[in-house]
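Please look over the sequence and the 3D structure below before reading on.

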Amino acid sequence: MATNDTPLERIARATPDSLAGRVGGLGDRAIAWIFIAPTIVLLLAINIFPLIWTINLSFTNYRANRLTLGSEYVGLRNYERILTDPDIWHNMQVTAHFLFWTIFFQVLIGFALAWLINRNFRGNAFWTTVIVLPMMLSPAVVGNFWTFLYQPQIGLFNYVVSFFTGVDPASFQMIGSVRLAPWAIVIADTWMWTPFVMLICLAGLRSIPGYIYEAAEIDRASKWRQFWTITIPMVLPFLMLAVLFRGIENFKMFDLVVELTSGGPGSTTELASINLKREAFEKWRTGYSSAFAIILFVTVFGLANIYVKALNRVKSR
Amino acid sequence: MRTLKRCLLASAVVLSGANYAAAEDITLCWAAWDPANALVELSKDFTAATGIGMKFEFVPWPNFADRMLNELNSGGKLCDLMIGDSQWIGGGAENGHYVKLNDFFDKEGISMDDFAPATVYAYSTWPKGTPNYYALPAMGDANAWFYRKDWFSRPELQAEFKAKYGRDLAAPTTQLELKDIAEFFQGRQIDGKTVYGANIFTERGSEGITMGVLGTLFAWGAKFENTPGTYDMQGAVNSAEAVEALEFYKELYKCCTAPGYTDSYMQESLDAFKSGQVAMAMNWFAFFPGLYKDEQVGGDRIGFFVNPKQNVEGSMLGGQGISVVSYSDKKDAALAYIKWFAQPDVQKKWWSLGGYSCHLAVLKDPSFVESQPFAADFLKAMDSVQDFWQEPAYAELLLAMQKRLHDYVVADVGTAQEALDLLIKDWTEVFEDEGKL
């Protein structure tokens, strides 16, 4: 046996003749199908089938906890009830507020941090590690942790605000106030996920070749102009990718907010996902919640598709 | 070789013994709280008497309903015995989760007449009030109050209170008196520390705010239906009394609670009281033995009182019955536990360990009232308890109420009248879906 055989050649030699004969008759396309078939079967079983089944359930009044009642087809009734329910629209508004402001702050602060970290200074690696620590924690832990920080009587957050503004720390409640609670969840999520945006931006910044800036220097372009005409356009595809990831993640945000506010006070921070969980697994309105899930899915899928098209346009420029 | 054979034989004997023991073990599911620890202690007697081992699955209250109802709905075999919340009885019976116990009671001579009627009605029967039993009353409970007796008895505070309100500073007898006292303590400096009036239930996620508000609604005489069993809620759920009571609860929350208690339930109530933040707090009787024993705030420093009346006596029912899960493979052993638990002597020990027996042999015992400082209040509360809906759709009804109440009381959305009107709309929808309207 030649010692410089490739692994493929060794496998081919080791294959029994009977099997080799059978496979030998297959075309490349058939062999490719054999290789991808397990993945396709798995995808169909755990993604496509549940999706089709959920669509089917969304037209029924099925309840997973009341099997004895059976289920009936109710047509579009579930969809009609959801789309005409002011509480659902309130959930969507709360979700939109959360989505917009978390992405806004995370992009702003994440980019600024990436811009600072991208410079050469002592302790660069150490500070990068420190900054990315929050995103390594579990959302449930972060939620609990911020609940204590926001506690009006003993919470550090209120004392910091008090230190800078002079207001009594016990005079305001971040998670108990209708006015402040939506911002409380935005702050906690921003704290946790800004490092993620920073890392993506950092990758973008480091991918810009140095000679472009050198050429701009030779052309006597100011730093400000370099920033707007080189840095931002070249980082933009990365930034848009970060926005896409965070947008999809935050649209289905659940754990962090449940730990912080349980959707309260009242329904002030009740995101669509929290309401969906209550409908599906506390009220057990399986048909209704399936319709709600399909509406959310179509919304995210539609928005993400439009966004990806815009992203591709930016990348092709 | 002989040694090896002996070892194998011995292992086989040990393993077969272990399998036998495992087969005889039964699992009891309940919430993780003080009485559960008492039940573990009590159940050792059952194992000693029958040889049946006991395993326990205790889940903290905020997740108890979610976890256990999922278990029942999925036909799980984890629990052989379930001490489920009183509101689950309708679903437990109609969905086939619980074993009907009538024949077993008849066979074993267990009479429901031996238990307090309110507890039999609330924890055992479905449809309500009919002689169809799905549980044995296991743990009587109601929402009540406790207060800092040592603060109340301070002469300077006594004098100041009397000058302001014209009566002694003592445990309140009406809801309005309770608010006066809470206002009196709110923001006061005691031993160099700012204290607050009261801790009340405001929790949003599970059942907290509903349990707190219902105690107030019942004290005002509010009801769920004009005629029981008709689901005729208009004018009952949103009656003038109910609106007034709900407004009162919100005023109490706004005027007299400590900052930050916007999502407060059992544990937060205990924390607020034990840390010396509040003069009074509401909670379930189940916690009172532990509070009384507390080194910091228990003993002479604590007093107890039943939920004060306003228009009528009324308390929110807590507590649970013990049921046999129909999916269990060890129903006989589970029934043996119920038979054992129903004995008067066991019930007496249950009370002595910190559980709340519903057996009349315990409650009617002349020494019962003096046996604990809260025993008399417990008896009084159990005379006027009312429960939430116990319908199979109770979770939907409860979540709707949680939302409407939290929106109004904590989030300042709308008026009390609007909150209750919307609640009727939600509940009507649920009962229509159920085919009951």
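A residue is called buried if 20 or more other C-beta atoms lie within 10 Å of its own, exposed if 12 or fewer, and partly exposed in between. The model discussed here is predicted. A:A221 has 16 other C-beta atoms within 10 Å, so A:A221 is partly exposed. In chain A, A:A221 sits in the loop between α10 (210-218) and α11 (223-251). Apart from its neighbours within four places in sequence, A:A221 is in contact with A:A216 and A:Q226.

The next points concern the backbone. Most residues other than glycine have a negative phi, and most peptide bonds are trans. A:W284 is not a glycine, yet its phi is positive, about 60 degrees. This tryptophan belongs to the loop between α13 and α14 (286-316) of chain A. With 21 other C-beta atoms within 10 Å, A:W284 is buried. In chain B, B:Y231 also has a positive phi, near 60 degrees, and is a residue other than glycine. B:Y231 lies in the loop between α10 (208-220) and α11 (240-256) of chain B. Here the count is 19 other C-beta atoms within 10 Å, and B:Y231 is therefore partly exposed.

Cis peptide bonds are the other backbone feature to look at. In chain A, the bond that joins A:G264 and A:P265 is cis, with omega about -5 degrees. A:P265 is part of the loop between α12 (255-261) and α13 (272-281) of chain A. In chain B, a cis peptide bond leads from B:W126 to B:P127, and its omega is near -5 degrees. B:P127 is located in the loop between α6 (117-123) and β4 (136-139) of chain B.

Helix packing comes next. Two packed helices are described by the angle between their axes and the distance between the axes. In chain A, the axes of α9 (residues 181-206) and α11 cross at roughly 150 degrees and come within 8 Å. This makes α9(A) roughly antiparallel to α11(A). The crossing of these two helices, α9(A) and α11(A), is right-handed. From α9(A), the residues that meet α11(A) are A:D189, A:W193, A:V197, A:I200, A:C201, A:A203, A:G204 and A:L205. On the α11(A) side they meet A:M234, A:V235, A:F238, A:L239, A:L241, A:A242, A:R246 and A:N250. Sorted by class, the contact of α9(A) with α11(A) has 12 nonpolar, two polar and two charged residues.

A pair of helices in chain B can be described in the same terms. Helix α2 (residues 34-50) of chain B packs against helix α14 (residues 331-341) of chain B at an angle of about 115 degrees, and their axes are 11 Å apart. The helices α2(B) and α14(B) are therefore roughly perpendicular to each other. Their crossing, that of α2(B) and α14(B), is right-handed. B:F46, B:A49 and B:T50 of α2(B) make the contact with B:A336, B:Y337 and B:W340 of α14(B). By class, the contact of α2(B) with α14(B) has five nonpolar residues, one polar and no charged.

At the level of domains, which stretches make up each domain in the domain assignment of chain B? The assignment gives domain 1 as 26-141 + 318-386, and domain 2 as 143-316 + 393-433. The C-alpha centres of domain 1 and domain 2 of chain B are 27 Å apart. In the contact between them, 23 residues of domain 1 of chain B touch 23 residues of domain 2 of chain B. On the domain 1 side, the elements that give two or more residues are α2, α3, α4 (89-94), α18 (375-383) and β12 (385-386) of chain B. Of these, α18(B) supplies the largest share of that side, four residues. The side of domain 1 of chain B that touches domain 2 of chain B is made up of 11 nonpolar, eight polar and four charged residues.

The last step is the contact between the chains. Chain B gives 20 residues to this contact and chain A gives 23 residues. On the side of chain B that touches chain A, two or more residues come from each of α3 (61-73) and α19 (394-409) of chain B. The largest share of that side, six residues, belongs to α19(B). By class, the side of chain B that touches chain A has six nonpolar, seven polar and seven charged residues.

Terms used. Residues numbered from 1 in each chain as written. Chains lettered and ligands numbered in written order. Predicted model: local features only at pLDDT ≥ 70, side-chain atom pairs only at ≥ 80, totals over all residues. Contact = placed C-beta atoms within 7 Å. Nonpolar A, V, L, I, M, F, W, Y, C, P; charged D, E, K, R; others polar. Axes fitted to C-alpha atoms, helices over the stretch in contact; angles between N-to-C directions. Parallel < 35°, antiparallel > 145°, perpendicular 65-115°, else oblique. Left-handed = near helix turned anticlockwise from the far one by under 90°. Domains from an automatic or database assignment.
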